[in-house]
Amino acid sequence: EDEDDDHESFMTSVCDLVGAFARVMGMAFVSYLNQFLPLLCYYAKSSRPANDRSMAVGCLGEIAQELQGGIAEHWSGVFFPAIMAGVGGF
């Protein structure tokens, strides 16, 4: 149980950090999406626990909010499928 709590706390901190990067860097963060998105999408899979999916979808939402049109290139191939997979497990 402690390990699960540690994992959740760590992942929450990671998502907060990624969201902060997007907020502070703005459109300059777009060039790093190819590195971050596959990692986030791994946690958005419908096979992952609900906490992981929630964290990943929330992080994707935060990135989308901060970058707005900067995610357009990744919308149909990454954001939309990850969101659908994330909510599909509920």
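**Exercise 1. Take phenylalanine 29: is this residue buried or exposed, and which ring does Phe29 pair with?**

Step one: phenylalanine 29 has a relative accessible area of 1%. The cut-off for buried is under 20%, so phenylalanine 29 is buried. Keep in mind that we're working with a predicted model here.

Step two: look for ring partners. The structure has four aromatic pairs, and one of them joins phenylalanine 29 to tyrosine 32. Their ring centres sit 6.4 Å apart, and the planes make an angle of 35°. Stacked needs under 30 degrees and edge-to-face needs over 60, so this pair goes down as tilted.

Step three: check the partner. Tyrosine 32 comes out at 38% relative accessibility, so that side of the pair is partly exposed.

Step four: widen the view. Phe29 and Tyr32 belong to one aromatic cluster together with Phe36.

**Exercise 2. Find the salt bridges and say where their partners sit.**

Step one: count. Searching the whole structure turns up two salt bridges. As background, side chains of opposite charge can pair when their charged atoms come close.

Step two: take arginine 23 and glutamate 62, whose side chains meet with an N to O distance of 3.5 Å. The cut-off is 4 Å, so the pair qualifies. This bridge ties together distant parts of the chain, since arginine 23 is in helix H1 and glutamate 62 is in helix H3, 39 residues apart. Arginine 23 has 46% relative accessibility, so we call it partly exposed. Glutamate 62, at 23%, is partly exposed as well.

Step three: turn to aspartate 52 and arginine 48. Their closest N and O atoms are 2.5 Å apart, and both residues are buried.

**Exercise 3. Work out which residues H2 and H3 use to pack, and what class they are.**

Step one: get the geometry. The two helices pack at about 150°, and their axes are 7 Å apart.

H2 brings Leu33, Leu37, Leu40, Tyr43 and Ala44. From H3 come Asp52, Arg53, Met55, Ala56, Cys59, Leu60, Ile63 and Leu67.

Step three: sort them by class. You get eleven nonpolar residues, two charged ones and no polar ones.

**Exercise 4. Where does histidine 74 lie, and what is in contact with it?**

Step one: histidine 74 is part of helix H4, which covers residues 72-88.

Step two: relative accessibility is 7%, so histidine 74 is buried.

Step three: skip the neighbours within four places in sequence, and histidine 74 contacts Leu33, Asn34, Leu37 and Phe79.

**Exercise 5. How far apart in space are serine 54 and glycine 70?**

Step one: serine 54 is found in helix H3, and at 46% relative accessibility it counts as partly exposed.

Step two: in sequence, serine 54 and glycine 70 are 16 residues apart; C-alpha to C-alpha, the separation in space is 22 Å.

Terms used:
Residues numbered from 1 in each chain as written. Predicted model: local features only at pLDDT ≥ 70, side-chain atom pairs only at ≥ 80, totals over all residues. Heavy atoms only, no water. Helix = DSSP H or I, 4+ residues; strand = E, 2+ residues; numbered from the N terminus. Buried < 20%, exposed > 50% of the residue type's maximum accessible area, 1.4 Å probe, protein only. Contact = heavy atoms within 4.5 Å. Axes fitted to C-alpha atoms, helices over the stretch in contact; angles between N-to-C directions. Nonpolar A, V, L, I, M, F, W, Y, C, P; charged D, E, K, R; others polar. Phe/Tyr/Trp six-rings, centres within 6.5 Å; stacked < 30°, edge-to-face > 60°.
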